Amino acid sequence: MASISVPLGGVGATTAPRPKLSEYLRWSVDHKIIGVQYIATSLFFFIIGGALAMLIRAELLTPAQDFMVDGAAYNTLFTMHGTIMIFLWIVPVLAGFGNYFVPLMLGAKDMAFPWLNAFAFWLIPPAGLLMLLGWFIGPAEAGWTSYPPLSTHFSPDGQTLWAISLHLLGVASILGGINFIVTIRNMRPEGMKYFQMPLFIWAVLAQSVIVVLATPFLAGALTLLILDRVAGTAFFTPSQGGDVLLWQNIFWFYSHPAVYIMVLPAFGMISEILSVHARKPVFGYRMIALSSMAIALVGFTVWAHHMFTSLQPELRIPFMITSMIIAVPTGIKVFSWLGTIYGGRIRWTSAMLFAMGFISMFVIGGITGVMVASVPVDIHLHDTYFVVSHFHFVLYGGTVFGVYGALYHWWPKITGRMMDENLGKIHFALTYLSFLGTFFPQHLVGMQGMPRRVAEYAPEFQAMNIIISISGFVLGVSTFLILYNMVWSLYRGKIAGSNPWRALTLEWMTTSPPPPYNFVGDPIPFEDPYGYGTEASREYLKAMDERFVAPMLNPALRKRPDAQLPAPNPSAGD
Amino acid sequence: MQRSNEFPFEFDRERQQQRQAEIALKNKRMGINLFQISWIMAFVCLSVVNLVMRGNAPSWPPPGTPPLDPVLPTIATLGLIASMVLARRAFLAIQTDKLSAFLVQWRAVLGLGALFVAVMIYEWITLTPTLDGPPNQFNTIFRLMTAFHSLHAIAIGVYLIWVLRRAAQGVYRHADFWDIEAGSKLWYFVVIAWLLFYAVLYII
């Protein structure tokens, strides 16, 4: 086992020019610029959402209401924290990675619809702004699920902005999903069959199918909510013939698949990282690829498990069964990942550590998911901190760990510079331990009956809550380590070269960062994107380096092929 | 020669441009199909809402609310289906450079579409007013569904008018008719979405 913090042998430590900062601040149809715009914007909202989490944990240091004497202020905190983290951090950051790497991994010059791609991104800043503006007119305070009547009768005008903001974000998601599917279907290079695509692409494909089919349902629900709030309709008011469960059904028909929208790309990231850093072919490639699609499809049949306490009893069992079935494709992934690293020559890089951390945390989140899929357990644990813990293990221990791993893995490609590995490992250790300290005890207080979304709690839970809050503060601070590392690396990081991890997927067969048109000519994919450890793979890497990467480092040649092409994106459909 | 010495890859610019154009068209076709599949789910959502509300109500329509008269909307629906056939024929006509046939049929599509929207606006307005009492769920969901659909019909109709004007200027030929193809596909969407709503509102 080796620790890698410098470019590996065989790769020239040369650099390619980076786009100027100003290019990231304006409209661009370059998928790489858009990808970075997504990632940077979502990181901004991650900090805001994280700051709100810190306030929540500060309030919960004692059983009494301390600095939030008005309960509505606390409601706003967890509402905005949940909404921002889900819709303005996790979903866009994954879209950012997808935008940056899907075309590169396919050997394409850009996405299928570059203009649409830019348009989808530029819906996000105004949507985020609308969400935050709600604070000035009375913020939303009905939770990220916004169940009526809380969201219709007991939330101020910011709730309407909340709904409009989500509408915009939904449109952005749909446009992005369509773009990904078309790009993956039509712009694969010659010689790359479906089962030769990198697993990250499979994951994005599965995610996009969910986005395209489920998000319009959310649009429908939001339209009804807005009409109830501003036009005097009563779709969700039982006293006037409406139905509060109608919202729950429609909302969860989108939002449970949305959980997979938020985690599937992270599965793909982990598959990439584990194979590259274990120097081993992916174990069960086809099963991982197909299990992503299975999760996407089965994910549409489980929504009512969020409503076990309000659902007709005869419907509980079918939804319990489908919810448990989804553990099967997820389990296939976990065992395939374990098979991938088993016997590998593991490099304990920061990316690999986070990928390993992902597996451990996600398994815990998955097991507790099966627990709450069980009707009797769920009825007992409903609306307790057990549920909070479960979904944070999935979305933070899962997705955010995956994103951290992906940042360490792909940052050299995006910037041409390595992040500091030692700092990365400190970041991992702090994050891992403080995450466990924050969220594992929540299982315990949840099982003992501590309700979520309440600023006060029984005094017997205080000791545990102090541990949770202090760990939470450490977790918050640890986030700044990677942010510092990212900025530091831009100026002081070691030059990465084109392929510092000696990976076989196509994004590494160009310079770091790639030029505006990604590749000179059409890169040739290796027959097995994870065929590490073979003589053929070593020869392939050498040949690609000589034939594709080396010429692109010549400034004159780097510009030439671009000048010959007629449009910013020659394959653009719009 | 100097360039080929410096640059190690052969670029057949014409071939590459042709391939890119083919991919671009393929992308557009798939993109619009996906958009249709995606956005029809919003219509499915409203249909589900209607069915759930109906299932919750003791009687549907509620006591005192007259049932919908299907005659005029059925005639309008038949006109809409005819417009879909005409849109298809117009699309085929432009592929064989029969511009005058295209223009006639495209105008007929627009006329039938306008008639349909007019009928639905009439239905919308003449529904029992409920402004002075509590919301009547039957009327509310009817108005929402028909307005939602009509807005789509109007927006896509505006696009069809733009296509018509360009076609009249001779912009489209058998080799370049994407706007018409897109317009006709979007109009199919309007028709299919309405058939879904029609079934929910007037048949089931």
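How many helices and strands does chain A have? I counted 19 helices and zero strands in chain A, where helices (H or I, at least four residues) and strands (E, at least two) are DSSP runs numbered from the N terminus.

Entry on conventions. I note that this is a predicted model, in which local features need pLDDT of at least 70 and side-chain atom pairs count only at pLDDT 80 or more, while totals for chains, interfaces and linings use all residues. Residues are numbered from 1 along each chain as its sequence is written, and chains are lettered from A and ligands numbered from 1 in the order in which they are written.

Entry on chain A as a whole. I looked up the radius of gyration (taken over C-alpha atoms). For chain A it is 23 Å, close to the 25 Å that the globule rule gives for 574 residues, so chain A is as compact as a globular protein of that length; the rule is 2.2 Å times the number of residues to the power 0.38. Along the principal axes, the C-alpha atoms of chain A fill a box of roughly 70 × 50 × 45 Å.

Entry on helix H15 with helix H17, chain A. H15(A) (residues 385–415) and H17(A) (residues 462–492) pack at about 15°, with axes 11 Å apart; axes are lines fitted to C-alpha atoms over the stretch in contact, and angles run from 0 to 180 degrees between N-to-C directions. The angle makes the two helices roughly parallel (under 35 degrees; over 145 is roughly antiparallel, 65 to 115 roughly perpendicular and the rest oblique). I found A:Tyr404, A:Leu407, A:Trp411 and A:Thr415 of H15(A) in the contact, with A:Ile482, A:Met486, A:Ser489 and A:Leu490 of H17(A). These divide into six nonpolar, two polar and no charged residues; Ala, Val, Leu, Ile, Met, Phe, Trp, Tyr, Cys and Pro count as nonpolar, Asp, Glu, Lys and Arg as charged, and the others, Gly among them, as polar.

Entry on helix H5 with helix H6, chain B. H5(B) (residues 137–168) and H6(B) (residues 178–203) pack at about 160°, their axes 10 Å apart. That makes H5(B) roughly antiparallel to H6(B). The contact includes B:His149 and B:Tyr159 of H5(B) and B:Trp187 and B:Phe197 of H6(B). I recorded 16 nonpolar, three polar and two charged residues in this contact.

Entry on single residues. A:Phe251 lies in helix H9 (residues 244–278) of chain A and is buried, with 24 other C-beta atoms within 10 Å. Leaving aside neighbours within four places in sequence, A:Phe251 is in contact with A:Thr145 and A:Ala221.

Entry on backbone geometry. A cis peptide bond joins A:Ser512 and A:Pro513, with omega about -10°, and A:Pro513 lies in the loop between H17 and H18 of chain A. The bond from B:Trp60 to B:Pro61 is also cis, with omega near 0°. A:Asp383 is not a glycine, yet has a positive phi of about 60°; with 13 C-beta neighbours inside 10 Å, A:Asp383 counts as partly exposed.

Terms used. Two residues are in contact if their C-beta atoms, placed from the backbone, lie within 7 Å. A residue is buried if 20 or more other C-beta atoms lie within 10 Å of its own, exposed if 12 or fewer, and partly exposed in between; C-beta atoms are placed from the backbone.
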